[in-house]
Amino acid sequence: NTDFHVIAASINSSDTATTWLDFVENTQNAGGANNNVNKYMPKQLQFGGWQSKSEYSTGEIAEFVAFNQVLSEEVRKKVEGYLAHKWSLNTTLPSGHDYQFDSPTDWVPSSESTLQAWFDANDSSTIVSNFVKEWRDSANGNVFLQEEISSRPEYLENGINEMPAVNFDGIESFLEISTRFGLNKNPDLMV
């Protein structure tokens, strides 16, 4: 569909995952993580494609935040409230959500000591060129990169709810990074 979404995933120390779509839990304690420490993902992360630069995605990414531990419910709700209000998605927060009407006071992802990566399209100083060659992490200096001009996604000043986003064309645009952002085997990731 063409709606914008907030997707969150968390993998705990028992190698089970919980996911949320638009602030609603939709998977709880799902199995499937590999228990071989050398095979934990992400070893490489790619926006806009899958596996070895194939099955390209069509869509926009406005923000990506990664933490080095499973977040408490309190902190997860702060992240949800922050993202919802920042990107004008607060009307999609569930009734009774702690931040349904107001964004968390004096809180941003860097308020958490466990923050490992923060890519924010609203911070144009982290993006190099209108067709994105580099998207820099404001937390630890990691860089999503695309050297090939024809495969660079487009930076949109008026993307998600008339705010900036990185647009992937579904044909050949993608960004990749060969790092785990210093994450443990079980990170929390939000896009």
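Which side chain does R76 meet in a salt bridge? The partner is E80, with 2.7 Å from N to O.

**How confident is the prediction?**

Let us begin with the confidence values. The protein chain has a mean pLDDT of 81, and 79% of its residues reach 70 or more. Among the elements, helix 1 (residues 73-86) has the highest mean pLDDT, 94, while strand 14 (residues 188-190) has the lowest, 42.

Side chains of opposite charge can pair when their charged atoms come close. In the whole structure, a search finds 6 salt bridges. Here are some of them, each with its N to O distance.

| Side chains | Distance (N to O) |
|---|---|
| E73 and K77 | 3.2 Å |
| R76 and E80 | 2.7 Å |
| D120 and K86 | 2.4 Å |

Look at E73 and K77 on your screen: both belong to helix 1 and sit 4 residues apart, about one turn of the helix. R76 and E80 are likewise both in helix 1, 4 residues apart, about one turn of the helix. Is K77 buried or exposed? K77 has a relative accessible area of 17%, so it counts as buried, since the cut-off for buried is under 20%. R76 and E80 are buried too.

The salt bridge between D120 and K86 spans 2.4 Å from N to O. D120 lies in strand 7 (residues 115-120) and K86 in helix 1, so this pair ties together parts that are 34 residues apart in sequence. Both D120 and K86 are buried.

Now turn to strand 1, which covers residues 7-11. In a regular strand the side chains alternate between the two faces of the sheet. On strand 1, A8 and S10 make up the covered face, whereas I7, A9 and I11 make up the uncovered one. Which way do strand 1 and strand 2 pair, parallel or antiparallel? Strand 1 and strand 2 (residues 17-21) pair in the antiparallel sense, over 5 bridges. To find the pairing by eye, look for A8, which stands opposite W20 in strand 2.

Conventions
Residues are numbered from 1 along each chain as its sequence is written. This is a predicted model: local features need pLDDT of at least 70, side-chain atom pairs count only at pLDDT 80 or more; totals for chains, interfaces and linings use all residues. Side-chain values use heavy atoms; hydrogens and water are left out. pLDDT is the predictor's confidence in each residue, from 0 to 100. Helices (H or I, at least four residues) and strands (E, at least two) are DSSP runs, numbered from the N terminus. A salt bridge is a side-chain nitrogen of Lys or Arg within 4 Å of a carboxyl oxygen of Asp or Glu. Buried means under 20% relative accessible area, exposed over 50%, partly exposed in between (1.4 Å probe, protein chains only). Two strands pair if DSSP finds at least two bridges between them.
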